[in-house]
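Subject: Structure handover

Hello,

Here is the structure for your files. My notes on it follow below.

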Amino acid sequence: MKCPFCGHADTDVVDSRDTEELNAVRRRRECPSCKKRFTTYERPEESIIIVIKRDGKREKFDKQKLINSILKSVGKRPVSYNKIVELVEDIERELRTKQSEEVESRHIGEMVLKRLRKLDDIAYIRFAAVYKEFKTVEDVLNEIRLLKGKKK
Ligand SMILES: [Zn+2]
């Protein structure tokens, strides 16, 4: 690590300990050139979740983007913003426990639907319409039949 005082390319670690509450390693470093000491907190980088889209393109999992797309389906339905954030965080947690860091967008859509069904029927149907690319009224009706069947 570069010295922040003199810019020397490398510094020595003189002490290293875990700080559990920060989920980081605290290191005391000393510059062999100017002899000044400083502290760093080093964190393991949060693993990145990669989403494979329908067209095969890959992009980083974007929590806010997913929240926004659910918000659109919810509209004025009685589902609070916090509920939606909770829903997305729950999905994110589940994705992080998986072995693979790649997930298909289709799979994320299903995870949303599974949770949205418990919150609000209308929001569920709206989200399904976008995500499953409904083309006809028949598609909507089929989904409603499916929804009613699952609730029995
Ligand atoms: Zn230095």
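I begin with a loop residue: Lys35 sits in the loop between strand 2 and strand 3 (helices, H or I, of at least four residues and strands, E, of at least two are DSSP runs, numbered from the N terminus). Before going on, note that this is a predicted model, in which local features need pLDDT of at least 70 and side-chain atom pairs count only at pLDDT 80 or more, while totals for chains, interfaces and linings use all residues. Residues are numbered from 1 along each chain as its sequence is written, and side-chain values use heavy atoms, with hydrogens and water left out.

Hairpin

Lys35 is not a glycine, yet has a positive phi of about 70 degrees. Most residues other than glycine have a negative phi. Lys35 is exposed because its relative accessible area is 55% (buried means under 20% relative accessible area, exposed over 50%, partly exposed in between, with a 1.4 Å probe and protein chains only). The turn holding Lys35 belongs to a hairpin of strand 2 and strand 3, with six residues between the two strands. Strand 2 (residues 24-30) and strand 3 (residues 37-42) run antiparallel and are joined by six bridges; two strands pair if DSSP finds at least two bridges between them. Val25 has Glu42 of strand 3 opposite.

Zinc site

The zinc ion is coordinated by the SG atoms of Cys3, Cys6, Cys31 and Cys34, at 2.3 to 2.4 Å. Donors here are N, O and S atoms within 2.8 Å of the metal (3.2 Å for Na, K and Ca); water is not among the atoms, so sites may look incomplete. The spacing of the donor residues in sequence is C-x2-C-x24-C-x2-C. The angles among the four donor atoms are 105 to 116 degrees, and the site is tetrahedral (four donors count as such if all angles lie between 85 and 135 degrees). The ideal angle for four tetrahedral donors is 109.5 degrees. Cys3 is buried because its relative accessible area is 3%, whereas Cys6, at 42%, is partly exposed.

Domains

The domain assignment gives domain 1 (12-42) and domain 2 (50-151); such bounds come from an automatic or database domain assignment. Taken over C-alpha atoms, the centres of domain 1 and domain 2 are 43 Å apart.

Helices

Arg115 is part of helix 3 (residues 105-119) and counts as buried because its relative accessibility is 11%. Its side chain makes a polar contact with the side chain of Glu94, at 2.6 Å. A polar contact is a pair of N or O atoms within 3.5 Å; within protein, one must be able to donate a hydrogen and the other to accept it, and residues adjacent in sequence count only if both atoms are side-chain atoms. Neighbours within four places in sequence aside, Arg115 is in contact (heavy atoms within 4.5 Å) with Leu87, Asp90, Ile91 and Glu94.

Glu133 lies in the loop between helix 4 (121-131) and helix 5. Glu133 is not a glycine either, and has a positive phi of about 55 degrees. With a relative accessible area of 42%, Glu133 is partly exposed.

Val140 belongs to helix 5 (residues 137-151) and is partly exposed at 27% relative accessibility. Not counting residues up to four places away in sequence, Val140 touches Ile125 and Phe134. The C-alpha atoms of Val140 and Arg126 are separated by 9.1 Å, with the two residues 14 apart along the chain.

Regards

Note on methods:
Tetrahedral: all angles 85-135°; square planar, octahedral: opposite > 155°, others 65-115°.
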